[in-house]
Amino acid sequence: MRLSRYFLPVLKENPAEAAIVSHRYMLRAGMIKQSSAGIYSWLPLGFKILRKLENIVHEEQQKAGHMPMLMPTIQSADLWRESGRYEDYGDEMLRILDRHGHDLLYGPTNEEQITDTFRAHVNSYKSLPLTLYQIQWKFRDERRPRFGVMRGREFLMKDGYNFDLTKEDALHAYNRHLVTYLRTYERMGLQAIPMRADGGPIGGDYTHEFLVLAETGESEVFYDSEVTDIKLGQRDVDFDDKAQCEAILEEFTTRYARTDETHDEAIFNEVPEERRRSARGIEVGQIFYFGTKYSESMNATVVDENQKQVPVHMGSHGIGVSRLLGAIIEASHDDKGIIWPEGVTPYHCGIVNLKQGDEEADGACEALYAALTKAGLEPLYDDRKERAGGKFATMDLIGLPWRITVGPRGLKNGVVEVTSRKTGESEEMTPEAAINKIIAIYAAL
């Protein structure tokens, strides 16, 4: 992609309505545009990153054997009346009346919809276990939408639902989801700590939220500092191995880590004082086991091996995909702009031509662009007739992890400059070495 042909409406000044870093930089970097309160258009750069995050979620879910599908955004109120949640959910639910007088709603979540799908097609324990998921837009009519995509009304969410014969099987699904989420966040360059949480309107006795530590987080969190030292890394996981998945859950959840809703001061005081921490956290996902809450109320049953009709055990598991963009920016930025982790960057590196129109500089940039593209990478070439300072400011703002700077002076010595956005360190090398360096960085991922 060439910046001269790209729609990237960057802003030089901070928007007055943006109170937190992620909202400010997403507007300034031309990633989003507000349509109405808490609702945004996703412009090309923001949409590209959104799709990258979505693909990572898909890949990790399918590695665990979970199957993607797609449910409607508009749901029948009758399903929610069956579960008893239609009146209980509150004003966050956008209720709609169609031209025929039918009560509909814009889905804030999909437990009822998926349970209706399950009961229509599954009637035997032989079809279990089963986990279905989707990545779909949701709507919750927040009283005070703010902070950009962090607390919007319309948002993109992955929601998954497991159906199991027994509680033991359903808890394995719970553990399996925890492992997939840990890997998902780590691939995105995030450390998301699983914390004991409250079930809220979805319900459930077993539930953990995943929180990213950030000063602008909406939740106060309390944790043992040792939890920040644990990484899943590249270890092999057999998702059918109940003992292995349970061991990983225990590894990541045994140490104290809770939100303010479930915080217990007495238990927290048992943690050695030098390891007690309190901070703010951004919720980026949550997993629930709620047993037969929906299957009993909506008659989602199967015939077990004793030919007895039994309600299935269920859980739901969500990741706020659009919210993740804000969380990553809150966790990774400086006063110049965003610093994208290499796993989610919209473009793998930026190419900056210091003298557009110079035959040698233009040719070197074109060669770099062609070589990186041929290697399967996506460079962003700033080929605009713009001052060098403006080009650098744009690259810093949009936060690509690596920048290759090309100018006549360096080319006379046979070198270009490769700069790390994260550290700010620059190194001169031949164009061929720069190409090989960028290729090697992303091959290691």
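Is Arg-276 buried, partly exposed or exposed? Arg-276 is partly exposed, because its relative accessible area is 28%, and the cut-offs for that class are 20% and 50%. The residue lies in strand 13, which covers residues 276-291. Tyr-256 is 20 residues away from Arg-276 along the chain. The C-alpha atoms of the two are separated by 9.0 Å.

## The chain as a whole

This is a predicted model. The protein chain has 13 helices and 23 strands.

Along the principal axes, the C-alpha atoms fill a box of roughly 80 × 60 × 45 Å. Of the 445 residues in the chain, 54% are buried.

## An enclosed helix

Helix 9 spans residues 321-331. How many of its 11 residues are buried? The count is 10, so the helix is largely enclosed by the rest of the structure.

The buried residues of helix 9 include Val-321, Leu-324, Leu-325, Ile-328 and Ile-329. Charged residues are buried there too, namely Arg-323 and Glu-330. Ser-322, Gly-326 and Ala-327 are also among the buried residues of this helix.

## Salt bridges

Side chains of opposite charge can pair when their charged atoms come close. In this model the count comes to 25 salt bridges. One of them joins the side chains of Glu-82 and Arg-119, at 2.8 Å from N to O. Glu-82 sits in helix 3 (residues 77-83) and Arg-119 in helix 4, so this pair ties together parts that are 37 residues apart in sequence. Glu-82 is partly exposed, with a relative accessible area of 34%. Arg-119 also counts as partly exposed, at 26% relative accessibility.

A salt bridge also forms between the side chains of Arg-85 and Glu-112, at 2.7 Å from N to O. This pair links distant parts of the chain, 27 residues apart. Arg-85 is in the loop between helix 3 and strand 5 (94-97), and Glu-112 is in helix 4. Are Arg-85 and Glu-112 buried or exposed? Both are buried.

Which residue forms a salt bridge with Asp-169? The partner is Lys-242, and the closest N and O atoms are 2.8 Å apart. Asp-169 counts as partly exposed at 23% relative accessibility. Lys-242 is partly exposed as well, at 33%.

Some salt bridges share partners. They join Glu-59, Glu-60, Lys-63 and Arg-187 into one network.

## A negative patch

On the surface, Asp-198, Glu-220, Asp-260 and Glu-261 gather in a patch of negative charge. Where is Glu-261 found? Glu-261 is in the loop between strand 12 (257-259) and helix 7 (265-268). With a relative accessible area of 55%, Glu-261 is exposed, because the cut-off for that class is over 50%.

Most residues other than glycine have a negative phi, and most peptide bonds are trans. Which residues does a cis peptide bond join in this model? The bond is between Leu-128 and Pro-129, with omega at about 0°. Pro-129 lies in the loop between helix 4 (111-121) and strand 7 (130-139).

Phe-147 is not a glycine, yet its phi is positive, at about 65°. Phe-147 is found in the loop between strand 7 and strand 8 (154-164). This residue is partly exposed, with a relative accessible area of 26%. Gln-307 also has a positive phi, about 60°, although it is not a glycine. The loop that holds Gln-307 runs between strand 14 (301-303) and strand 15 (309-311). Gln-307 is exposed, with a relative accessible area of 64%.

How values were computed:
Residues numbered from 1 in each chain as written. Predicted model: local features only at pLDDT ≥ 70, side-chain atom pairs only at ≥ 80, totals over all residues. Heavy atoms only, no water. Patch = residues over 30% accessible without salt bridge, like charges linked within 9 Å, V, L, I, M, F, W, Y side chains within 5 Å. Areas by Shrake-Rupley, 256 points an atom, 1.4 Å probe, with all protein chains shown as cover. Salt bridge = Lys/Arg side-chain N within 4 Å of Asp/Glu carboxyl O. Charge placed at Lys NZ, Arg CZ, Asp CG, Glu CD. Helix = DSSP H or I, 4+ residues; strand = E, 2+ residues; numbered from the N terminus. Buried < 20%, exposed > 50% of the residue type's maximum accessible area, 1.4 Å probe, protein only.
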